[in-house]
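Reader: I have just opened this one and could use a guide. Could we go through it together, a piece at a time?

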Amino acid sequence: MQLQVKTILNAIQHFPGFVFQDIGLRRYRDGRPREIEITLEPHNGICAKCSRCLQPAPGYDQLPQRRWLFVPLWGIVTWFVYAARRVQCPEHGVVIEHVPWSGGKRPVSIAMMCFVARWARRLSWRETARAFQTSWECVYRSVEWFVEWGLAHRKLENVESIGVDEIHWGKSKRADNFLTVIYQIDGHCRRLLWVGKRRTQATLRRGLAALGQEVVHGLRFVCSDMWRPYLNVIAAQAGQALHVLDRFHITTHLNQAVDQVRRAETGRLRAAASAQAARLKDMRWKLLRRGSRVRGKAKAQLRALAGSKLVTARAWILKEIFQPFWNYRSLTWARYFLEDWTWRALRSRIEPMRRVAHMLRAHQKLILNWFRAKGEISSGAVEGLNNKIRVVTRRSYGFRTYDAMETALYHTLGRLPEPESTHKFC
Ligand SMILES: [Zn+2]
């Protein structure tokens with residue numbers, strides 16, 4: 001039995017009202033295959049449809065032939081060729097007909113855009129372009145279309161908990177190099193809901209507006225850092241939700257304080273040519289890890305350091321004795337603990353630790369909300385999603401613009417729905 005290419009095409013991509021008319025192979029001078037052109041035509045007697053209302057409408061005229069890139073067949077660049085008709089729709093006037101494989105102005109078929117977009121999750125955009133003999137720009141536009149489709153079709157139902165955070169990307173510390181991200185952190189669904197440039201009140205207001213009033217008013221938990229602009233907006237717009245300052249962020253602040261102390265002290269000891277400087281050498285990561293997770297030789301070094309009179313040692317001990325805070329079940333005991341710890345830290349005369357203590361006191365209520373929300377929100381969700389974002393922003397995807405990166409973030413972390421008709425291709 002011989003199989004015609006048209007039979008295969010009809011099996012994978014059938015467009016009611018259209019037929020595959022002709023399939024031609026163009027070659028290079030030396031005879032190597034260059035591209036395949038698949039010409040489509042309207043099916044006899046089937047009326048064109050208005051591209052806006054999808055209702056059949058009388059024909060008006062025909063436009064010149066256009067080409068749409070299709071999924072490469074046998075590794076050969078393949079095009080759909082078709083001269084679209086214009087129709088006279090009673091409602092919309094003279095408009096172009098509905099072309100089911102076309103996703104708008106782009107010269108790429110929907111099947112190819114979906115195909116490329118799915119591969120662009122597994123490979124970098126550049127690798128995807130190379131593997132399928134297309135351009136980086138084509139990959140970008142395909143992913144963009146895919147993401148736009150997904151965002152337009154996603155459902156924001158049962159969003160009970162969100163995490164709001166700021167992420168730095170790129171090299172510079174300009175305001176534009178910070179992103180505000182909103183995650184859904186419910187047990188049943190963790191995903192990126194929104195990302196926007198900068199970390200101001202206006203940014204977060206824009207993000208919450210994009211989610212819609214219904215979602216914002218339905219929130220039960222909001223998790224964030226102690227960043228003032230976010231605190232303000234969350235209090236003003238999602239007042240009904242329990243606002244939680246989460247473990248991940250507070251640990252980060254403690255770690256930053258310990259690190260500041262270590263750096264300053266290392267500088268002082270070196271300047272004084274003190275033998276003690278050696279104790280702090282290569283200790284950065286050991287000091288920043290949770291003490292209970294440090295093992296072996298590193299643990300012995302930490303123990304020796306803790307026994308010393310160094311300021312870094314005292315700061316580290318303060319950080320470590322804060323850890324049991326998270327294990328409390330009783331709100332009252334947690335409050336006592338917090339008051340006791342901040343009192344110690346304030347008396348420590350270590351400026352970075354005192355700053356953390358002041359911050360924790362100022363936000364005590366929101367921190368204690370953690371215990372009210374216990375068991376309802378996951379402590380690792382925001383941290384986990386942040387790490388995934390970093391993988392995307394750092395991996396050499398070669399994003400040339402902020403918009404391209406934003407598209408990539410939704411693509412990899414948004415859990416967006418996908419157009420179904422083209423699943424057959426990957
Ligand atoms: Zn119409």
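**Helices, salt bridges and surface**

Author: Since E137 and R141 are four residues apart in helix α4 (residues 136-153), about one helical turn separates them. Please keep in mind, as we go on, that this is a predicted model.

Reader: What do E137 and R141 form, and how far apart are the closest N and O atoms?

Author: They form a salt bridge, and the closest N and O atoms are 2.9 Å apart. E137 is partly exposed at 37% relative accessibility, and R141 is likewise partly exposed, with a relative accessible area of 31%.

Reader: How many salt bridges does the count come to?

Author: The count comes to 19 salt bridges. One of them joins the side chains of E97 and R85, with 3.0 Å from N to O. E97 sits in the loop between β5 (93-96) and α2 (110-122), while R85 belongs to strand β4 (residues 76-89), so this pair ties together parts that are twelve residues apart in sequence.

Reader: And are E97 and R85 buried or exposed?

Author: Both E97 and R85 are buried. Another salt bridge, at 3.5 Å from N to O, brings together the side chains of E320 and K319, and both of these residues are buried as well. There is also a network, in which salt bridges that share partners join R26, E35, E37 and R67.

Reader: Let me switch to helices: at what angle do α8 and α12 pack?

Author: Helix α8 (residues 247-271) and helix α12 (residues 311-322) pack at an angle of about 170 degrees, and their axes are 9 Å apart. With angles over 145 degrees counting as roughly antiparallel, α8 and α12 are therefore roughly antiparallel to each other.

Reader: Which residues make the contact?

Author: On the α8 side the contact involves I250, L254, N255, V258, V261, R262, E265 and R268, and on the α12 side it involves V311, T312, A315, W316, K319 and F322.

Notes: Residues numbered from 1 in each chain as written. Predicted model: local features only at pLDDT ≥ 70, side-chain atom pairs only at ≥ 80, totals over all residues. Heavy atoms only, no water. Axes fitted to C-alpha atoms, helices over the stretch in contact; angles between N-to-C directions. Helix = DSSP H or I, 4+ residues; strand = E, 2+ residues; numbered from the N terminus. Parallel < 35°, antiparallel > 145°, perpendicular 65-115°, else oblique. Contact = heavy atoms within 4.5 Å. Salt bridge = Lys/Arg side-chain N within 4 Å of Asp/Glu carboxyl O. Buried < 20%, exposed > 50% of the residue type's maximum accessible area, 1.4 Å probe, protein only.
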